[in-house]
Amino acid sequence: MKRFVCLVTVICLLPGFAATALFAGILIPAALQIGWNPASMAVLLPNVAIGIIMPWAGATSATAFAFGTIHLWDMIKTGAIATGIFAVVATTIHILLAPFL
């Protein structure tokens, strides 16, 4: 359970590029080990590693937070839901299109 909490914390706090760089080194070799196309994983990682939970996770989030109408807690709640939905949608599309890669 501690590992899961650490993983979620790292995903939420890192900007998209840093999360992609971190997890690409782990998941691309893992995909090769289990027989998946590593290029397929290289396409999925940047699509899922978007930063919308924390203000420092990307330019769009920082701009929305800097405007002043969104409080940090509201941004975290909305960003967590949006990230979850986006991860499910991106992964589903990826699984459907993976045989064509």
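Buried residues account for 22% of the 101 residues in the protein. Here, buried means under 20% relative accessible area, exposed means over 50%, and partly exposed lies in between (1.4 Å probe, protein chains only). The model is predicted: local features need pLDDT of at least 70, side-chain atom pairs count only at pLDDT 80 or more, and totals for chains, interfaces and linings use all residues. Residues are numbered from 1 along each chain as its sequence is written, and side-chain values use heavy atoms, with hydrogens and water left out.

The protein contains five helices and zero strands. Its pattern along the sequence is α-α-α-α-α. Helices (H or I, at least four residues) and strands (E, at least two) are DSSP runs, numbered from the N terminus.

Contacts (heavy atoms within 4.5 Å) were also examined. Of those between residues at least 6 apart in sequence, 48% join residues at least 24 apart. The protein exposes about 7000 Å², and carbon and sulfur atoms supply 78% of this area. Accessible areas come from the Shrake-Rupley method with a 1.4 Å probe; for residues, only the protein chains shown count as cover.

The structure holds one salt bridge. The term requires a side-chain nitrogen of Lys or Arg within 4 Å of a carboxyl oxygen of Asp or Glu. Lys77 and Asp74 form it through their side chains, at 3.7 Å from N to O. Both residues belong to helix α5 (residues 72–97); they are three residues apart, so about one helical turn separates them. Lys77 is partly exposed, at 39% relative accessibility. Asp74 is also partly exposed, with a relative accessible area of 35%.
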